[in-house]
Every structure is written in C-alpha cells, then in structure tokens.
Amino acid sequence: MSRRVLSILVVVVAVSAAALAYLYLNQGSGPAAVPIGGPIRLTDQDGKSFDSASLDGKPYAVFFGFTHCPDACPTTLSEIARTEDEIGAPAKELTTLFVTVDPERDTPAVLKDYISNFGGNTIALSGTPEQVAEVAKAYRVFYKKVPTSDGGYTMDHTAVLYLMNRDGKFADVIAYSEDHDRYVEKIKKLLAE
Amino acid sequence: MRVLRTLLILAFVGFGAAAAAAHEYKVGELEIVHPWARATLKGSDVADGFMKIINHGSTPDRLIAVNVEFAKAGQIHDMKMEGDVMKMQELTGGLEIPAGATVELKPKSLHVMFMGVNQELTPDTVVDGELTFEKAGKVKIEFMIEPAGTTHSMDNM
C-alpha cells in the first residue's frame, strides 16, 4: 500500500470517528429530546379501565407514589386538595392521577380507601407491574423497592407532580420542596392555558 | 388577693397545658422531648414517629430499638431527596446520639417508621412505646398522635 493511500485512509477513519462522536454526543441534548408523558392506560380505584384520552381537553396532574409512603404522597395529595379548595370552581376541571409504583400491594380497593383520606378530584391507578413500568418510563419516573428488616419493603421514588395541559402535553412540574403558594400559582396557570 | 389567686390558677393551667404539649422523658444522660406520631390513613398500615433526643452526657449513645404494641415494627429510617427522588434508608445499626448533641427526628428527615400498624391512630390520643439505647438502656414513652398532614416539629411549637 502506498504511503498516499494510507494517509487518505487515516484521514477517512479520523473524520468518520469525529462524525460518530459528534452524533453520539448530541444524542439526548437539544430540541430532539423526547417529551415527558404519554398515554396512561391503567385500572382505576373501582377496578375499571382508565385511559388518559378520556381527559382530552382538560388539564391534569400526575403523581407517582404508593400507599405505604410516609411523607411525600400524603403531603402532595393533601396539598392538591387544599389548592383545589382555594382556587374554587375553576379547579373542578383539574383531575389528579395518583399512579402507584407498588402495584403488588396497592390494589384498586386499597387505593380507593387511600385517596378517600384527602378529598380532591383524584383517580388512583394501578395495573400489572409491566403496565406501571411503562407509564413510569414515559414520565421518566424512577422507583425501586428497598427491603426493610421486618421482611417488608419501602420504596424510593421520584416525588414530582407533573402538570399536563389540555392537549395532554407536559406543561410543568411541582417539586416536593415547593410550598403551597407555588402549587396555587402553577395550577392556576395550568388551568388558564 | 382574688386577682393573685386567679393569676396563680392561670399560671398552673398554662403550665399544665405546656407540659402536655411538650412532654419529656429522661434516661441516663439522655432527654427525650415530645415524641409524636402522625395519625394513620385509611388504606395504609404505616405511620411515622418523631422526637428530639438530647444527649447531656460526654459519651455518645445510640438509639437501637423502638418497640410498640400498635405496630409490627418500629424502624429508624432516614429520608433524603436526591434530585427529585425520595430515598428511604433503614438505619439497621441504630441512630447515633453524639455527646452533647441534639438529634431531631422530624418530617422529611430522620423518623421512626411504624410498619404493619394494627390499630387506628387517631389525633389527640397517645400510644405507648419503648426506646432502647445502647448505653442508657430502655425508657417507656408515649407518642402523641397528631393529624396525618402535620409537618411541624418542635421548632415552631
């Protein structure tokens, strides 16, 4: 092989590598990112099938939790109910979807009892572990069982309230650290969109 | 005289109320301030408990067990936010109470996690418990039950 051919080859390889690296590094950043959210098809607290398409034209909030949750879940569900009370009539359009990340323990019957603690226009959803995993993935939600010494388990989970607009598109989030005023502000904005 | 008597009565009533709202226990060099727990929720068999532990001594101690009749287990858990993820961790080795330090178990932080609660915990009642410390030993306490949504700690009482 002549020296010239060799140097051309080296250049070609280098350019290809650079192009591949460029493509690779640009993955997951920039406007091509996949949107948060997606269709939610699960089972509600009455054992009936639920499809988020039924909320078409109305805004909704989505929270992933579980009934054995010590703090984030009751706090968030109470905050939503309080916010709905404060906003009054316009808040009637808002539905909150409480999706369990612990479908083994959280059956529809358990969930029905659980959401009755809080008031608010909430639908509690469960399904097979696979169905729940699919919805969680669409929302970029992390959850994991953590074993405890009594032979049971608790769970790590993303504790964010997702706000979805009337087109079922991601609008905003309310983080666990945000206070009541931010709930009111963000949910009012969602309802006004 | 009458005014004085009224004042005295008021002072006693006030003192009584304050003592009831912030009950305390002592064992060895440790002081346990206002153990409380949140009321149970329908559909859930867990509850969480809180208290402040002050070590007046010059050696560290360790809370190693929380035993209650009303639940299958009382575990010491730590809760942390990592980004938007809430992480739970059971402190199986117990909770250290450093010499001269105050350790507070409070909402969104260290707490006692009661698993398998077998009775309804209703606000404004008390339930018995027993704490075991590595050095100071055992102490019987009462947890006051507060409404499920309560987030306050002793700081704003």
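1. The structure is a predicted model. Every point below should be read with that in mind.

2. **Make-up of chain B.** Chain B has one helix and eleven strands. Of the 157 residues in chain B, 32% are buried. Take the contacts in chain B between residues at least 6 apart in sequence: 68% of them join residues at least 24 apart.

3. **Lys108(B).** This residue is not a glycine, yet its phi is positive, at about 65°. Most residues other than glycine have a negative phi. Lys108(B) sits in the loop between strand S8 (102–105) and strand S9 (111–117) of chain B. The cut-offs are 20 or more for buried and 12 or fewer for exposed.

4. **Asp124(B).** Here too is a residue that is not a glycine but has a positive phi, of about 65°. Asp124(B) is found in the loop between S9 and strand S10 (126–133) of chain B. Asp124(B) has 9 other C-beta atoms within 10 Å and is therefore exposed.

5. **The contact between the chains.** Chain B gives 25 residues to the contact, and chain A gives 27 residues. Which strands of chain B supply at least two residues each to the side that touches chain A? They are strand S5 (71–82), strand S6 (85–90) and S9. By class, this side of chain B holds twelve nonpolar, six polar and seven charged residues.

6. Strand S7 (residues 153–158) of chain A is joined to S6(B) by two bridges. The two strands run antiparallel. Thr158(A) stands opposite Val85(B), a residue of S6(B).

7. **A helix pair in chain A.** Helix H2 (residues 72–87) and helix H5 (residues 180–192) of chain A pack with their axes 10 Å apart. The angle between them is about 60°, so H2(A) and H5(A) are oblique to each other. The crossing of H2(A) and H5(A) is right-handed. On the H2(A) side, the contact is made by Glu79(A), Arg82(A), Thr83(A), Glu86(A) and Ile87(A). H5(A) contributes His180(A), Tyr183(A), Val184(A), Ile187(A) and Lys188(A). By class, the contact of H2(A) with H5(A) has four nonpolar, two polar and four charged residues.

How values were computed:
Residues numbered from 1 in each chain as written. Chains lettered and ligands numbered in written order. Predicted model: local features only at pLDDT ≥ 70, side-chain atom pairs only at ≥ 80, totals over all residues. Helix = DSSP H or I, 4+ residues; strand = E, 2+ residues; numbered from the N terminus. Contact = placed C-beta atoms within 7 Å. Axes fitted to C-alpha atoms, helices over the stretch in contact; angles between N-to-C directions. Parallel < 35°, antiparallel > 145°, perpendicular 65-115°, else oblique. Left-handed = near helix turned anticlockwise from the far one by under 90°. Nonpolar A, V, L, I, M, F, W, Y, C, P; charged D, E, K, R; others polar. Pairing = 2+ DSSP bridges.
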